[in-house]
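Here is a short briefing on one protein model. Look at the sequence and the 3D view first, then read the points below.

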Amino acid sequence: MTTPAPKLTGTITAPSGAHFARIMGVGGYRPERVVPNSEIVDLIDSSDEWIRERSGIIERRFAAPEESVVDMSEAATRQALEAAGLEAAQVDAVIMATVTHPYQTPAAAPILADRLGIRGAAFDISAACAGYCHGISLASDMVRGGSAQHVLVVGVEKLSDFTDPRDRGTAFIFGDGAGAAIVGPSDTPAIGPTVWGSDGTQRDAITQRQAWTDLRESWQSAQADKNVWPAIGMAGQTVFRWAVWGMAPVAQQAIDKAGIKADDLDAFIPHQANIRIIDAMVKQLKLPADIPVARDIVTTANTSAASIPIATTRMLAEKEIPSGGLALQIGFGAGLVYAAQVVVLP
């Protein structure tokens, strides 16, 4: 049988996008309930002093039982839309970074889009604490590639649903919250090249304890087992060493690829994993003392994909960092995965 020859009579029309992309506005949401260390310590036989010394965390926010990742995302998104001066109808795509939406399917992004009246593309990405930076990179490429003009990027977590309150290594680490950004066209470069990657050999360093499929047959009989819920576990020292020694070079690459120097930065907004990790990165990057550094970990704990946009929103609102300035942002977490880029602050 002879293979047919192509007709070669048609040519695909390629989309035309913007020359550059930028973050037009950000928004953040922190749940009302404040949870101090004193509420955590009894179940893990610890103390407020031990938690502060180990992580820098004094308190965190937990969402209400009926409050979902979509609820929190909506609050952050409406703030971001207002800051960007846009209506929801002008958003062409929704990217939601989360690992705590409790449904395998459907994704959370189309539910959020429906609430907002958006009928464009909507999908979730799972890149843990690096999810927001991944989303910003994808959104920038979509705007520049012509598949969207305005993209909503949301980082949101309800980690209180997936944390074992008796796990001494993780119970004090996590909090809940949401952050959002609107990415749109720009006349000048405003989102630098993304430095990202993964190391799947260390996938067990931060992981859900069991696969959902492992629980299928044993669920009913295992209800009495307090450890049956597939909470998130973490090999703290492994993650700490990886973050301290591996992420500063990634951040430096992002600075270099953006064509700037550390002295040019107006802000450093790293993922809020641990105050000691943040301080170590500042030291390794040799950042000047006058550059503001996000340390929201103290009052928000680790909100995974939400931590960078929450911190960005707060720092802008409190005039700690300037609109139009350059910020280095880096996320890193389970996978192990990471992503970093320099952006112009909205």
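**The open sheet**

V337 in strand 13 is the bridge partner of G333. This is a predicted model, in which local features need pLDDT of at least 70, side-chain atom pairs count only at pLDDT 80 or more, and totals for chains, interfaces and linings use all residues. Residues are numbered from 1 along each chain as its sequence is written, and side-chain values use heavy atoms, with hydrogens and water left out.

Strands and order

- Strand 12 and strand 13 (residues 337-344) run antiparallel and are joined by eight bridges; strands are DSSP runs of E, at least two residues, and helices are runs of H or I, at least four, numbered from the N terminus.
- Four strands make up an open sheet with mixed pairing, in the order 8-13-12-11; two strands pair if DSSP finds at least two bridges between them.
- Strand 8 (195-198) and strand 11 (267-270) are at the edges with a single partner strand each, so one side of each has no neighbour in the sheet.

Helices on the sheet

- Helix 4 (residues 131-145) packs on the sheet and touches strand 8, strand 12 and strand 13; contact means heavy atoms within 4.5 Å.
- Helix 8 (residues 307-317) also packs on the sheet, touching strand 11 and strand 12.

Residue H19

- H19 lies in the segment before strand 1 (20-29).
- H19 counts as exposed because its relative accessibility is 68%; buried means under 20% relative accessible area, exposed over 50%, and partly exposed in between (1.4 Å probe, protein chains only).
- H19 and P189 are 170 residues apart in sequence, and 8.2 Å apart in space from C-alpha to C-alpha.

Key:
Axes are lines fitted to C-alpha atoms, for helices over the stretch in contact, and angles run from 0 to 180 degrees between N-to-C directions.
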